[in-house]
Amino acid sequence: MFQGDRPYLKSSIRRRSSAFFRRSVYCLAFFVVAGSLVFTYFTPGFSDQRQLTCSLPTGTLGNPHSDAAAAPLDNAVIQEEPGSAGASQEIADVAGPGDSLFSVLCANLIEETTARRIAADMASVVAESWDQGKDFNAYTQLKPEETRYTILTDHAGNFQKVTLEMDPAHVYHSVPRGNNTIHSWKEDVVVDFRVEAIAFKVQGTLAESVLNAGEGSMLATKLTNVFRWDIDFQSESRRGDVCKVLVQRRFADDRPLGYGDVLAAVYEGKKVEGGKKTAILFNGQYYDDRGVELKKDFLRSPLRVLRLTSKYGQRFHPVLGQMRHHDGVDYGAPTGTRVQSIARGVVTTAGWHGGYGNYVCVKHDSGIESRYGHLSRMFVKKGQRIQQCQCVGLVGQTGIATGPHLHFELLNGGKHDDPLSPKNKRKYRVELRQVASPLSARFDQVRKERLTSLASAAPPLSSPKGQGLASAR
Ligand SMILES: [Zn+2]
């Protein structure tokens, strides 16, 4: 309709639009631009601005070493030279749902064969240079709202340059070369880190609180991960809790590229056990401020194959013939089945113990104890230090038992607990590991540095959107 008659058009479109929508925009823009032309013509001071918005140096865009088209793109922008014969057009946009490299090129270039060739050539470069994109091809779905692209064509609609920005560190370009071939390459981007301390108060969910502090939702994911053994943010985070995070902020040529590692974090919460949890990254693991590893991994059960025959709680005792509290759970298993310690610890009992028969009791580092009864054989001695999964004995039916089974008990601070209770699942997935002693001096230093950086960060008194940052280096 108005093809070839668009003097210089600059319009913003957030998503790649349908041909109809685009045509409507051109149409609307034509009138806007025509109006502004008239205005410009009769307003002397505006002629300079016109030069600024329309300067697109066509000559340099075919140069593989010019990254002019890779600049950050705010919105879909279509720019053109004034209606001269050599005018070029630039379409800059973000991928929509379901878009692939081929589909966006096909939608914006005249020839499908050209679109296919560019897509294939560029995709091969992406596949070989991007860790997350090893299987990337022309038809791989691009991340909607994240992947940006710029397509530059000349007046006749021939492609001059295509730029694809998977993220700020992964920017690709394609230009035409002689003999109908395409040259594609990855832009050299310098990625670096800055460490920042961030503090915020919890209002709503953790994710909402992080967003309110002007941060990305990825930070909430990272925090949930760091504290996954200690804090259930669904049920244990409360309005007014305070979280401080020392995090690496990544940049690609000064453009933000999300977060690197969480180096340290402190969460103070009313519902959190002990009121406060600390995480310090050291040698690839998180430790609390006493140097105890946060990763906890109590085995869920001392047997590999489970057949629960009697639960924890009140029950009618099959041998004694009366109602009694069952202090543990029974697992039916053939005599001779291996019984493994659910965590590392010290054996406090290994011997005959009345109705329990052959009985092993292991004290774990965190005040938790596990007990194994009716064993046919025992392989550990009192006072022995044992590892997680170490075999303490074999299933049997010694003591008071109607058949071969393992009687298993779990105690916390001397009190019996139900090993199968869902609320205990998380609590007992605990095995405490300390920073190895040769490294403890180094850990102390790291801990001091990071906690000092965090101490200076304070949550804002009120947290207006996008300004909830308190930074310290
Ligand atoms: Zn039992």
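Tyr267 stands opposite Lys277 in S11. The model is a predicted one: local features need pLDDT of at least 70, side-chain atom pairs count only at pLDDT 80 or more, and totals for chains, interfaces and linings use all residues. Residues are numbered from 1 along each chain as its sequence is written.

Strand S10 and strand S11 pair in the antiparallel sense over five bridges; pairing requires that DSSP finds at least two bridges between two strands. Both belong to an open sheet of five strands, ordered S8-S9-S10-S11-S12, with antiparallel pairing. S8 and S12 stand at the edges with a single partner strand each, so one side of each has no neighbour in the sheet. From one strand to the next, the twist averages 30°.

| Strand | Residues |
|---|---|
| S8 | 191–201 |
| S9 | 242–252 |
| S10 | 255–268 |
| S11 | 276–282 |
| S12 | 285–287 |

Strands (E, at least two residues) and helices (H or I, at least four) are DSSP runs, numbered from the N terminus. Helix H6 (residues 217–226) lies across S9, S10, S11 and S12, and runs at about 40° to S10. Axes here are lines fitted to C-alpha atoms, for helices over the stretch in contact (C-beta atoms, placed from the backbone, within 7 Å). Angles run from 0 to 180 degrees between N-to-C directions.

Gly204 lies in the loop between S8 and helix H5 (206–212). Gly204 is exposed (12 or fewer other C-beta atoms within 10 Å of its own, placed from the backbone), because 11 lie within 10 Å. The C-alpha atoms of Gly204 and Arg239 are separated by 6.3 Å, although the two are 35 residues apart along the chain.

Key
A residue is buried if 20 or more other C-beta atoms lie within 10 Å of its own, exposed if 12 or fewer, and partly exposed in between; C-beta atoms are placed from the backbone. Two residues are in contact if their C-beta atoms, placed from the backbone, lie within 7 Å.
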